[in-house]
Amino acid sequence: MRIILFGPPGVGKGTQADLLSAKLGIPHISTGDLLRTAVTERTELGIKAQIQMDAGKLVPDDVMIGIVKYVLGSKKCAAGFILDGFPRTVPQAEALTGVLNDLGSALDRVVSIEASEEEIIRRLASRLSCGNCKRIYNSLDDSLAETKICPNCGGTLFQRDDDKPETIRKRLSVYTQSTFPVKEFYRKTGILRTVNGTQSVEKVTADIMEQLH
Ligand code: AMP
(Lines give C-alpha, C1' and ligand atoms only; values in the text may rest on other atoms or scores of the structure.)
Protein backbone atom coordinates (compact mmCIF):
# COMPACT_ATOMS: atom_id res chain seq x y z
CA MET A 1 0.00 0.00 0.00
CA ARG A 2 1.03 3.56 -0.67
CA ILE A 3 -0.19 5.76 2.14
CA ILE A 4 0.22 9.36 3.26
CA LEU A 5 -0.37 10.31 6.89
CA PHE A 6 -1.41 13.94 6.77
CA GLY A 7 -1.95 16.47 9.55
CA PRO A 8 -0.38 19.30 11.55
CA PRO A 9 2.97 18.91 13.32
CA GLY A 10 2.57 17.06 16.62
CA VAL A 11 -0.71 15.33 15.77
CA GLY A 12 0.89 11.88 16.02
CA LYS A 13 1.82 11.08 12.41
CA GLY A 14 5.27 9.75 13.37
CA THR A 15 3.99 7.53 16.18
CA GLN A 16 1.19 6.15 14.01
CA ALA A 17 3.48 5.67 11.00
CA ASP A 18 5.86 3.53 13.11
CA LEU A 19 3.00 1.35 14.38
CA LEU A 20 1.48 0.96 10.91
CA SER A 21 4.87 0.24 9.40
CA ALA A 22 5.27 -2.72 11.79
CA LYS A 23 1.71 -3.94 11.15
CA LEU A 24 1.78 -3.61 7.36
CA GLY A 25 5.45 -4.42 6.72
CA ILE A 26 6.10 -1.29 4.66
CA PRO A 27 8.64 1.44 5.48
CA HIS A 28 7.89 4.67 7.33
CA ILE A 29 9.33 7.53 5.29
CA SER A 30 9.55 10.73 7.34
CA THR A 31 10.98 13.67 5.43
CA GLY A 32 11.62 15.42 8.78
CA ASP A 33 13.72 12.43 9.98
CA LEU A 34 15.61 12.33 6.66
CA LEU A 35 16.44 16.02 7.04
CA ARG A 36 17.41 15.68 10.72
CA THR A 37 19.80 12.84 9.79
CA ALA A 38 21.32 15.09 7.09
CA VAL A 39 21.71 17.88 9.69
CA THR A 40 23.43 15.53 12.18
CA GLU A 41 25.74 14.19 9.47
CA ARG A 42 26.54 17.77 8.37
CA THR A 43 25.93 16.94 4.70
CA GLU A 44 25.50 19.78 2.21
CA LEU A 45 21.73 19.24 2.30
CA GLY A 46 21.75 19.21 6.11
CA ILE A 47 23.71 22.43 6.42
CA LYS A 48 21.30 24.24 4.08
CA ALA A 49 18.09 22.70 5.50
CA GLN A 50 18.97 23.44 9.12
CA ILE A 51 18.48 27.18 8.60
CA GLN A 52 14.88 26.71 7.45
CA MET A 53 14.11 23.98 9.98
CA ASP A 54 15.35 25.99 12.97
CA ALA A 55 13.19 28.91 11.83
CA GLY A 56 10.11 26.66 11.49
CA LYS A 57 10.03 27.33 7.74
CA LEU A 58 9.72 24.87 4.87
CA VAL A 59 12.71 23.55 2.97
CA PRO A 60 12.29 24.51 -0.74
CA ASP A 61 9.99 22.30 -2.83
CA ASP A 62 12.63 21.33 -5.40
CA VAL A 63 14.95 20.01 -2.67
CA MET A 64 12.16 18.02 -1.01
CA ILE A 65 10.83 16.62 -4.28
CA GLY A 66 14.36 15.46 -5.21
CA ILE A 67 14.74 13.61 -1.88
CA VAL A 68 11.32 11.95 -2.11
CA LYS A 69 11.83 10.94 -5.73
CA TYR A 70 15.07 9.22 -4.78
CA VAL A 71 13.63 7.43 -1.73
CA LEU A 72 10.36 6.27 -3.33
CA GLY A 73 12.29 4.96 -6.32
CA SER A 74 14.51 2.86 -4.06
CA LYS A 75 14.08 -0.87 -3.55
CA LYS A 76 12.83 -0.57 0.03
CA CYS A 77 9.70 1.26 -1.17
CA ALA A 78 8.90 -1.19 -3.96
CA ALA A 79 6.04 -2.84 -2.00
CA GLY A 80 4.69 0.44 -0.63
CA PHE A 81 5.38 3.10 1.99
CA ILE A 82 3.89 5.33 4.65
CA LEU A 83 4.82 8.93 3.93
CA ASP A 84 4.92 11.30 6.92
CA GLY A 85 5.64 15.01 6.47
CA PHE A 86 5.36 15.05 2.69
CA PRO A 87 3.70 16.60 0.72
CA ARG A 88 3.54 19.87 2.63
CA THR A 89 2.62 22.13 -0.30
CA VAL A 90 0.33 21.73 -3.33
CA PRO A 91 3.33 21.78 -5.74
CA GLN A 92 4.86 18.91 -3.71
CA ALA A 93 1.55 16.98 -3.98
CA GLU A 94 1.45 17.56 -7.74
CA ALA A 95 5.08 16.45 -8.09
CA LEU A 96 4.37 13.32 -6.03
CA THR A 97 1.63 12.30 -8.45
CA GLY A 98 4.17 12.62 -11.28
CA VAL A 99 6.92 10.72 -9.42
CA LEU A 100 4.54 7.81 -8.68
CA ASN A 101 3.19 7.89 -12.21
CA ASP A 102 6.74 7.54 -13.56
CA LEU A 103 7.20 4.54 -11.24
CA GLY A 104 3.98 3.03 -12.58
CA SER A 105 2.11 3.39 -9.28
CA ALA A 106 -0.25 5.68 -7.40
CA LEU A 107 -1.37 6.51 -3.86
CA ASP A 108 -3.97 4.27 -2.22
CA ARG A 109 -4.96 6.45 0.73
CA VAL A 110 -4.31 9.81 2.36
CA VAL A 111 -5.34 9.68 6.02
CA SER A 112 -5.68 13.04 7.75
CA ILE A 113 -5.19 12.89 11.53
CA GLU A 114 -7.06 15.75 13.17
CA ALA A 115 -6.76 17.64 16.48
CA SER A 116 -7.47 21.17 17.74
CA GLU A 117 -4.74 23.81 17.73
CA GLU A 118 -4.65 23.92 21.57
CA GLU A 119 -4.05 20.17 21.69
CA ILE A 120 -1.27 20.44 19.08
CA ILE A 121 0.52 23.21 20.99
CA ARG A 122 0.26 21.22 24.24
CA ARG A 123 1.70 18.11 22.58
CA LEU A 124 4.55 19.83 20.74
CA ALA A 125 5.65 21.72 23.84
CA SER A 126 5.92 18.46 25.82
CA ARG A 127 7.31 16.24 23.05
CA LEU A 128 10.56 14.39 23.65
CA SER A 129 12.30 12.49 20.84
CA CYS A 130 14.91 9.74 21.08
CA GLY A 131 18.13 10.69 19.29
CA ASN A 132 18.83 7.04 18.61
CA CYS A 133 15.65 5.09 17.71
CA LYS A 134 13.60 8.28 16.92
CA ARG A 135 10.66 7.19 19.12
CA ILE A 136 8.49 9.99 20.38
CA TYR A 137 7.34 10.47 23.97
CA ASN A 138 5.32 12.97 25.92
CA SER A 139 7.20 14.38 28.89
CA LEU A 140 3.91 14.92 30.76
CA ASP A 141 2.33 11.49 30.18
CA ASP A 142 5.43 9.37 30.43
CA SER A 143 7.20 11.17 33.31
CA LEU A 144 10.46 10.87 31.37
CA ALA A 145 11.37 14.54 31.66
CA GLU A 146 13.86 13.85 34.46
CA THR A 147 15.62 10.68 33.31
CA LYS A 148 15.65 11.64 29.60
CA ILE A 149 16.43 7.98 28.78
CA CYS A 150 14.52 6.17 26.03
CA PRO A 151 12.65 3.15 27.50
CA ASN A 152 12.88 1.45 24.10
CA CYS A 153 16.62 1.63 23.36
CA GLY A 154 18.34 3.49 26.22
CA GLY A 155 19.16 6.44 23.92
CA THR A 156 19.02 10.04 25.11
CA LEU A 157 15.73 11.91 24.84
CA PHE A 158 15.79 15.53 23.75
CA GLN A 159 13.43 18.37 22.89
CA ARG A 160 13.68 19.26 19.21
CA ASP A 161 14.90 22.83 18.65
CA ASP A 162 11.83 23.47 16.51
CA ASP A 163 9.51 22.37 19.35
CA LYS A 164 10.35 25.53 21.33
CA PRO A 165 7.35 27.91 21.73
CA GLU A 166 8.36 30.63 19.18
CA THR A 167 9.09 28.06 16.48
CA ILE A 168 5.90 26.10 17.22
CA ARG A 169 3.84 29.21 16.41
CA LYS A 170 5.70 29.72 13.13
CA ARG A 171 5.28 26.05 12.14
CA LEU A 172 1.55 26.17 12.81
CA SER A 173 1.14 29.28 10.69
CA VAL A 174 3.15 27.65 7.87
CA TYR A 175 0.87 24.60 8.20
CA THR A 176 -2.30 26.69 7.88
CA GLN A 177 -0.99 28.69 4.91
CA SER A 178 0.96 26.16 2.86
CA THR A 179 0.06 22.65 3.99
CA PHE A 180 -3.66 22.75 4.78
CA PRO A 181 -4.54 23.30 1.05
CA VAL A 182 -2.97 19.88 0.34
CA LYS A 183 -5.96 18.31 2.11
CA GLU A 184 -8.35 19.86 -0.42
CA PHE A 185 -6.08 18.62 -3.23
CA TYR A 186 -6.54 15.03 -2.02
CA ARG A 187 -10.21 15.43 -1.13
CA LYS A 188 -10.84 16.06 -4.82
CA THR A 189 -9.10 12.80 -5.75
CA GLY A 190 -11.46 10.75 -3.51
CA ILE A 191 -8.68 8.98 -1.55
CA LEU A 192 -8.78 11.25 1.53
CA ARG A 193 -10.06 9.89 4.86
CA THR A 194 -10.03 11.56 8.28
CA VAL A 195 -9.54 10.20 11.81
CA ASN A 196 -9.82 11.83 15.24
CA GLY A 197 -6.25 12.21 16.57
CA THR A 198 -7.28 13.07 20.14
CA GLN A 199 -8.10 9.48 21.10
CA SER A 200 -5.70 6.90 22.58
CA VAL A 201 -2.77 5.87 20.37
CA GLU A 202 -4.30 2.38 19.99
CA LYS A 203 -7.71 3.74 18.97
CA VAL A 204 -6.17 6.10 16.39
CA THR A 205 -4.23 3.16 14.90
CA ALA A 206 -7.40 1.06 14.75
CA ASP A 207 -9.31 3.91 13.08
CA ILE A 208 -6.56 4.40 10.49
CA MET A 209 -6.48 0.66 9.76
CA GLU A 210 -10.23 0.75 9.18
CA GLN A 211 -9.82 3.61 6.72
CA LEU A 212 -7.26 1.67 4.68
CA HIS A 213 -9.81 -0.87 3.44
P1 AMP B 1 8.70 17.26 10.71
O2 AMP B 1 9.58 16.35 11.48
O3 AMP B 1 7.87 16.55 9.67
O4 AMP B 1 7.88 18.16 11.59
O5 AMP B 1 9.68 18.23 9.86
C6 AMP B 1 10.60 19.09 10.51
C7 AMP B 1 11.00 20.22 9.60
O8 AMP B 1 11.63 19.68 8.42
C9 AMP B 1 9.85 21.08 9.06
O10 AMP B 1 9.44 22.09 9.96
C11 AMP B 1 10.48 21.65 7.79
O12 AMP B 1 11.40 22.68 8.09
C13 AMP B 1 11.28 20.45 7.26
N14 AMP B 1 10.46 19.60 6.37
C15 AMP B 1 10.08 18.30 6.56
N16 AMP B 1 9.35 17.84 5.54
C17 AMP B 1 9.23 18.88 4.66
C18 AMP B 1 8.57 19.05 3.42
N19 AMP B 1 7.84 18.06 2.86
N20 AMP B 1 8.67 20.27 2.81
C21 AMP B 1 9.38 21.25 3.34
N22 AMP B 1 10.02 21.17 4.52
C23 AMP B 1 9.96 19.99 5.19
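Q: Where is K134 placed in this model?

A: The model is predicted. K134 sits in the loop between β5 (127-130) and β6 (136-138).

Q: Where is K148, and what is its phi?

A: K148 lies in the loop between β6 and β7 (157-158). Its phi is positive, about 55°, although K148 is not a glycine. The relative accessible area of K148 is 36%, which makes it partly exposed.

Q: Which peptide bond is cis?

A: Most peptide bonds are trans. The bond from F86 to P87 is cis, with omega near 0°. P87 belongs to the loop between β3 (81-84) and α5 (90-102).

Q: How does the span of helix α7 agree with its number of residues?

A: Helix α7 covers residues 165-189, which is 25 residues, and at 1.5 Å a residue it should span 36 Å. Its end C-alpha atoms are 35 Å apart, which agrees.

Q: Where is the kink in α7 centred?

A: The kink is centred on T176 and is about 45°. After α7 comes G190, with a positive phi near 85°.

Q: Which residues of α7 are buried?

A: An α-helix has 3.6 residues a turn, so residues three or four places apart point the same way. In α7 the buried residues include I168, R171, L172, Y175, T179, V182 and Y186.

Q: What lines the second largest pocket, and how much space lies in it?

A: About 180 Å³ of space lies in the second largest pocket. Its lining includes P8, S112, E114, I120, L172, Y175, T176 and K183. The elements giving two or more residues to this lining are β4 (109-114), α6 (117-125) and α7. Helix α7 has the largest share, five residues. By class, the lining holds seven nonpolar, two polar and three charged residues.

Q: How many disulfides are found, and how far is the sulfur of C153 from the closest cysteine sulfur?

A: A disulfide needs two cysteine sulfur atoms within 2.5 Å. The whole structure has zero disulfides. The closest cysteine sulfur to that of C153 is in C130, at 3.6 Å, too far for a bond.

Q: Are C153 and C77 buried or partly exposed?

A: C153 is partly exposed, at 33% relative accessibility. C77 is buried, because its relative accessible area is 2% and the cut-off for buried is under 20%.

Conventions:
Residues are numbered from 1 along each chain as its sequence is written. This is a predicted model: local features need pLDDT of at least 70, side-chain atom pairs count only at pLDDT 80 or more; totals for chains, interfaces and linings use all residues. Side-chain values use heavy atoms; hydrogens and water are left out. Helices (H or I, at least four residues) and strands (E, at least two) are DSSP runs, numbered from the N terminus. The expected span of a helix is 1.5 Å times one less than its number of residues. The bend at a residue is the angle between axes fitted to the seven residues ending there and the seven starting there. Buried means under 20% relative accessible area, exposed over 50%, partly exposed in between (1.4 Å probe, protein chains only). On a 1 Å grid over the protein atoms alone, a cavity is a set of points where a 1.4 Å probe fits but cannot get out, and a pocket is an open set with protein on both sides within 12 Å along at least five of seven lines; lining residues have an atom within 4 Å of a point. Grid points are joined across faces, edges and corners, and a volume is the space filled by probe spheres set on the points. Ala, Val, Leu, Ile, Met, Phe, Trp, Tyr, Cys and Pro count as nonpolar, Asp, Glu, Lys and Arg as charged, and the others, Gly among them, as polar.
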